[in-house]
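Trainee: Could we go through this structure together? I would like to begin with the overall fold and then look at single residues.
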Amino acid sequence: MYKFILGVGVYFFATLLMSYYFVGISLIKSIQMASLITIIHILIHFIDRLYKRKTNK
C-alpha cells in the first residue's frame with residue numbers, strides 16, 4: 001500500500017514539475033492539471049485491476 005501511495009506522490013510531483021517548467025503555465029494551473037492527470041492515472045489503474053480480476057476467474 002505504501003508503495004502505491006509513494007508511486008502516486010512521485011507521479012503527481014513529476015507531472016507538476018513538467019507542467020510548471022516545460023509547459024510554462026502558472027503554479028495554480030499546473031497544480032490543477034497535475035491533480036487531474038493523477039486522478040485519471042489512479043482511475044485507469046483501478047479499472048485495469050478490476051478488469052484483470054474479472055478475466056482471471
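Mentor: A definition comes first: helices (H or I, at least four residues) and strands (E, at least two) are DSSP runs, numbered from the N terminus. This is a predicted model, in which local features need pLDDT of at least 70 and side-chain atom pairs count only at pLDDT 80 or more, while totals for chains, interfaces and linings use all residues. Residues are numbered from 1 along each chain as its sequence is written, and side-chain values use heavy atoms, with hydrogens and water left out.

Trainee: How many helices and strands are there in the protein?
Mentor: The protein has 2 helices and 0 strands.

Trainee: At roughly what angle do the axes of helix 1 and helix 2 cross?
Mentor: The axes of helix 1 (residues 2-23) and helix 2 (residues 27-56) cross at roughly 140° and come within 8 Å. Axes here are lines fitted to C-alpha atoms, for helices over the stretch in contact, and angles run from 0 to 180 degrees between N-to-C directions. The two helices are therefore oblique to each other; angles under 35 degrees count as roughly parallel, over 145 as roughly antiparallel, 65 to 115 as roughly perpendicular and the rest as oblique.

Trainee: Which residues does UniProt list for "transmembrane region"?
Mentor: The unreviewed UniProt entry lists residues 5-25 and 31-51 under that name. Such annotations may be inferred rather than shown by experiment. In the model, residues 5-25 are 90% helix and 0% strand, with end C-alpha atoms 26 Å apart. Residues 31-51 are 100% helix and 0% strand, and their end C-alpha atoms lie 30 Å apart.

Trainee: Changing topic, what radius of gyration does the protein have?
Mentor: The protein has 14 Å, whereas a compact globule of 57 residues would have a value near 10 Å. That radius is taken over C-alpha atoms, and the globule rule is 2.2 Å times the number of residues to the power 0.38. Along its principal axes, the C-alpha trace spans about 45 × 20 × 15 Å.

Trainee: And what percentage of the residues is buried?
Mentor: Buried residues make up 12% of the 57. Buried means under 20% relative accessible area, exposed over 50%, and partly exposed in between (1.4 Å probe, protein chains only).

Trainee: Is Ile47 buried or exposed?
Mentor: Ile47, found in helix 2, is exposed, because its relative accessible area is 56%. Its C-alpha atom is separated by 20 Å from that of Leu6, 41 residues apart along the chain.

Trainee: Where does Ser26 lie?
Mentor: Ser26 lies in the loop between helix 1 and helix 2. Its relative accessibility is 41%, so Ser26 counts as partly exposed.

Trainee: Finally, which helix holds Phe4?
Mentor: Phe4 lies in helix 1 and, at 29% relative accessibility, counts as partly exposed. The C-alpha atoms of Phe4 and Leu43 are separated by 13 Å, with the two 39 residues apart along the chain.
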